[in-house]
Amino acid sequence: MKKQWVLIKLFVLSALGKNKKKADIIKKANLFKKFGGGYYHPCWIPAHPELISIGNNVTISADVRFYEHDLINRKFNNDEDYTGPRIKYYTGEITIEDNVLLGARSIIMYNVTVGRNAIVAAGSVVTKDVPPYSIVGGNPAKVIGDTRDLLKKRLEYSGKDVSDFCYENLFKNE
């Protein structure tokens with residue numbers, strides 16, 4: 001019942017355009033294994049949120065999907081010609097570390113960790129671990145860049161002097 005109320009609240013907040021507030025609702029509900037907060041745009045809750053850990057300052061864009069299970073057991077168990085032993089329903093954990101951006105309509109599969117300070121490009125399908133500071137894109141997702149380089153480019157675009165750019169000097173704990 002708790003999950004249904006959360007879904008109703010997410011739907012109402014979406015209709016009102018209050019996506020930042022949705023992260024607060026998710027955090028209070030304690031549905032996920034861990035939810036540090038940030039921005040939660042989707043209007044749905046994964047089937048097994050207790051298998052998903054989400055760090056601090058994580059942006060989860062529109063239509064991002066977490067698949068912490070598969071239905072391969074149904075393929076075999078429901079096949080009239082299959083005579084082997086029953087196949088168990090398979091689940092796996094998903095970990096999203098701190099300061100991550102998950103682009104719109106990306107898919108994060110089970111048994112995956114998205115490393116700290118990473119970006120998953122819109123429409124990507126993540127089937128393997130994403131290293132910290134990397135930008136991944138595609139299907140299956142592959143490393144296509146580095147967030148440290150992206151920060152330098154965005155500072156330059158913002159009219160800042162980047163001649164002595166040092167990523168580590170821009171953060172307290174780097």
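Predicted model: local features only at pLDDT ≥ 70, side-chain atom pairs only at ≥ 80, totals over all residues.
Helix α1 comprises the 14 residues 2-15. The buried residues of α1 are Val6, Leu10 and Leu13. They cover an arc of only 70° around the axis and therefore lie on the same side of α1. Phe11 and Ala15, on the other side of α1, are exposed. The packing partners of the buried residues of α1 are α2 (19-29) and β2 (38-40). Just after α1, a positive phi of about 75° is found at Gly17.

With a disulfide taken as a pair of cysteine sulfur atoms within 2.5 Å, the count of disulfides is zero. Cys43 has a relative accessible area of 34% and is therefore classed as partly exposed. Cys166, with a relative accessible area of 30%, is likewise partly exposed.

Asn73 is located in helix α3, which consists of residues 72-77. The relative accessibility of Asn73 is 12%, so this residue counts as buried, the threshold for burial being under 20%. When residues up to four places away in sequence are not counted, Asn73 is in contact with Asn78, Ile87, Lys88 and Tyr89.

Conventions. Residues numbered from 1 in each chain as written. Heavy atoms only, no water. Helix = DSSP H or I, 4+ residues; strand = E, 2+ residues; numbered from the N terminus. Expected span 1.5 Å × (residues − 1). Buried < 20%, exposed > 50% of the residue type's maximum accessible area, 1.4 Å probe, protein only. Arc of directions from axis to C-beta. Contact = heavy atoms within 4.5 Å.
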